[in-house]
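Please look through the structure shown below with the report beside it.

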Amino acid sequence: MPELLLELFSEEIPARFQRRAADDLKKAVTNALVDAGLVYEGAKAFATPRRLALTVSGLPVRSPDTREEKKGPKVGAPQPAIDGFLRSAGLSSLDQAKVESDPKKGDFYVAQIEKPGADAVELLSGILPKVMADFAWAKPMRWGSGSFTWVRPLRAITATFGTENDEPVVVPFAAAGLQSGQTTFGHRFLSPDAIRVKRFDDYLVALERAKVVLDIDRRKDIIRTDADNLAFAQGLSVIHDEGLLEEVAGLVEWPVVMMGTFDPEFLKLPEEVIIATIRANQKCFCLRDASGKLAPNFIITSNTIPADGGAVVVAGNERVIRARLSDAAFFYQGDLAIPLEHGLPKLEDMVFHAKLGTQFAMVQRLVNLAAEIAPQVGADVEKTKRAAMLAKADLVTGMVGEFPELQGLMGRYYATAQGEPAEIANALEMHYKPLGPSDRVPTEPVSIAVALADKLNVLSGFWSIDEKPTGSRDPFALRRAALGVIRIISENNLKFPLQVEPDLLAFFHDRLKVTLRDAGARHDLVDAVISADSNDILQITQRAEALSSLLATDDGANLLAGYKRAANILAAEEKKDGKTYGGAIDQGALKLAEEEALAFAVDGVHAAVSAHVAKDDYKGAMAELATLRAPVDAFFTAVLVNDADPAVRANRLNLLARLRDTMHLVADFGKVAG
C-alpha cells in the first residue's frame, strides 16, 4: 500500500522543541487522516536541527464510500425545523427523505446520506497545509512579508505519496510561500547539495550519505557510545547527563565526539561548579578518573568532521571553558570572603511573592516554624534556627546568581568553609530536597526540621492567599512540596501529625493517595484508611500496608465478607428503625452459643486492637482482627439476626454494631471493594 513522506526543512530548530514537535506533527497528521477516512498501518516521526519528518505507511489510495442515516424532525414539524433538517442533510426537498415510524414518538423523517470516497492525494493536499498552519510552536516567528508562522524560517517542503514499486507523486500544496516538492538538503557543511527523494527508505539512505542522522535517539546512542569509548581509552568515564545528551543530540545532525582538557588547578573548585560551568556554557560532558574524582577533561560533540582531526574545535572549546572556569573561581573566592549571614539584609530586596512579602520575611517565618518542628523530630533547636536563618543566604551570592541550580549546594560549601557545624551546613543543601521522586531525602534531624519547615512554610503561605494548584497548573511547585513532606515523613518513619488547615490537609491526602497508588496500593484500601481529619502521614501509610496484608489472607477476605454482611444488615435495620445501634450488648439477652462466642471475641479483640493502635502497631491490630473470622462465620451460619423477640433482635444488632466499630478502629472496611 502507498506511504506518505513529509519533510519540513527549515533553519535550526531549538533542541528543546524537537522531540515534542515531531510527536505533535505525527499526532496532527494521523488524526486528520483518520478523520478523512484514510486509515493507516503505521507512522513514525523524526527531528533534526533542520527538519521535521514524518512517514505514514499503509495508506489507501482513496477514502471509502460511506452511507449514513440522519434522523430528522417529526412529520408535521414547523417549517424552520424542516428547513434546518434539509440543509444539514444536503437535501433539496422532503421527497428525497423517507418516513419511518416509532411506536412511541410517531412518524419522523430520515435522510440517507451517501458520501463518495475521495482520492488520497486530493485529501492530503488539504490536510497538510492546514496541519502546518495550525501547528502550535511554543515560540513561533514570522519572516519576510508573509503571515505564516513557524519556529524558524521554512526553506523546503517535501511531500510524496506512492507505493514502493511505482514512482511516487508529489502531494501538491503551498505553505509559507513554498510549493511542495521532493527536494531536500543534506548536512549544512558536509553535504549541502540538494537531494531528490522518492519515499522514506531512499530518503533515509540519502540523508545518511549526506551526513544526516535522522533519528534523534540514534544520534544519542552514537554520542553516548563514542564518548564512552573515547573516555575508556584514556582510563576515564563519562558523567552521563540524560538532559544534556538530549540537548546535544538536538544540536547536531552528524555527531562527532572529541575530548578536550582544562587546567587541573580548577579542580580546587567544587566539582558541581565545574560541571555546571562546562555544561551551561559549552554543552560538554565532564569525566571522572579511575578513583571517581573529577578529571580535568571534557567531551565535545561537534556537528562536523574536522579536517585537522579536531585540533581547532578542541582548542576553541578549551579557551572558552578556561575563561568560564576563571569566572567561576572569581565568584567562588568572592563569595567565600563574605560570611553567609552578611548577605541576609539583601534578601529584603528580593520579593518572594507580591502577597507574601520578601525572601527575608519568608526566612523569618521559616526560622519560627523550624524551631517549633525541631523538638518533634529530635533536632537541636538552636542549630535548627541557625540553619533556617542561613538557608536562603546563598541566593545573593555570585555563584548562585550565575547558576541558580546550585542554590543550597553552594550554601553548604560556604557554610562548611566558614566553620559552621556539619549539621547546619548539610541542612542548607538538604532543606530543598527531595526535588523529585528519585532525589535524596534528608535524614539528619536538623536537615529534616528545616526541610519540613521550608515546604510547610511555602504551602501554608500560598494557601493563605488562595494560590492553589488547579488542574495541571502548579506554577509554584506546591504538589512537589507536598510530596516532599510526605517522603520525608514516610522514609524517616516520623510521628509528625500535620497541623494545617482542613483544605491543605485534604491536598496532602490527595498527594498521599497518588504516592501510595504509585507504590502499588489499591485505591480502595487507601480510601479506607484516610478520614477527613487524618493528619498522621506515617500512620496512614502503615494502616494501608497492614490492611493490604490482612486482605491478602483467607482470614482477611472472609472477615471482609462477614463485615459487609453485618454492615448491610445494620444499614437496612437502622434505616427501618430510624435509629443507630450503638453496640451496648446485654449479656443476658444472648441466647445462642455462637452469639455468645462472637460477643466474647469482639470484646477481647476490641481491647487488643485499641492497645495496638495506641502503639501504632497496625500489623498487630490487623492480626487481632483476623481472629474474628471464625466466630463471625459461625454467627452468620447459626444465628438469625431479626429474631421475633424485639429485645433479642436489638441485642444482636448491637453486637453487629460492636463488630463494625471494632473493625473501624483501624480502617473503614465499608470503602473496601469486594
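## Two crossing helices

In this predicted model, the axes of helix H9 (residues 359-373) and helix H14 come within 8 Å and cross at roughly 125°, where helices are DSSP runs of H or I with at least four residues, strands are DSSP runs of E with at least two, and both are numbered from the N terminus. Axes are lines fitted to C-alpha atoms, for helices over the stretch in contact, and angles run from 0 to 180 degrees between N-to-C directions. Because of this angle, H9 is oblique to H14; angles under 35 degrees count as roughly parallel, over 145 as roughly antiparallel, 65 to 115 as roughly perpendicular, and the rest as oblique.

On the H9 side, the residues that meet H14 include Met 362, Leu 366 and Ile 373, and among their counterparts in H14 are Ala 449, Leu 452 and Leu 456; contact here means heavy atoms within 4.5 Å.

## How the model is read

Residues are numbered from 1 along each chain as its sequence is written, and side-chain values use heavy atoms, with hydrogens and water left out. Since the model is predicted, local features need pLDDT of at least 70 and side-chain atom pairs count only at pLDDT 80 or more, whereas totals for chains, interfaces and linings use all residues.

## The nonpolar cores

The largest nonpolar core has 129 residues, and those with the most contacts inside it are Leu 452, Leu 547, Leu 625 and Phe 669. Such a core is a set of buried Ala, Val, Leu, Ile, Met, Phe, Trp, Tyr and Cys residues joined through side-chain atoms within 4.5 Å, and buried means under 20% relative accessible area, exposed over 50%, and partly exposed in between (1.4 Å probe, protein chains only). Helix H14 (residues 445-464) gives the most to this core, with 12 residues.

Not counting residues up to four places away in sequence, Leu 625 touches several residues, including Leu 559, Val 605, Met 663 and Phe 669. Another core lies apart from the largest one and has 39 residues, among them Leu 38, Ala 43, Leu 128 and Phe 148.

## A sheet of three strands

Strands of a sheet pair through backbone hydrogen bonds, either parallel or antiparallel. Here three strands form an open sheet in the order S4-S6-S5, with antiparallel pairing, and two strands count as paired if DSSP finds at least two bridges between them. The edge strands are S4 (66-74) and S5 (98-102), each of which pairs on one side only, and the twist averages 35° from one strand to the next.

S5 and strand S6 (residues 106-115) pair in the antiparallel sense over five bridges, and Asp 102 stands opposite Gly 106 in S6. Helix H2 (residues 79-89) packs on the sheet, where it touches S4 and S6, and its direction makes about 175° with that of S4.

## Backbone details in the loops

A cis peptide bond, with omega about 0°, joins Lys 433 and Pro 434. Pro 434 is found in the loop between helix H13 (422-430) and H14.

Which residues other than glycine have a positive phi? One is Lys 211, with phi near 60°, which lies in the loop between helix H4 (200-209) and helix H5 (216-233) and is partly exposed, with a relative accessible area of 26%. Another is Ala 477, with phi near 55°, which lies in the loop between H14 and helix H15 (478-491) and counts as partly exposed at 23% relative accessibility.
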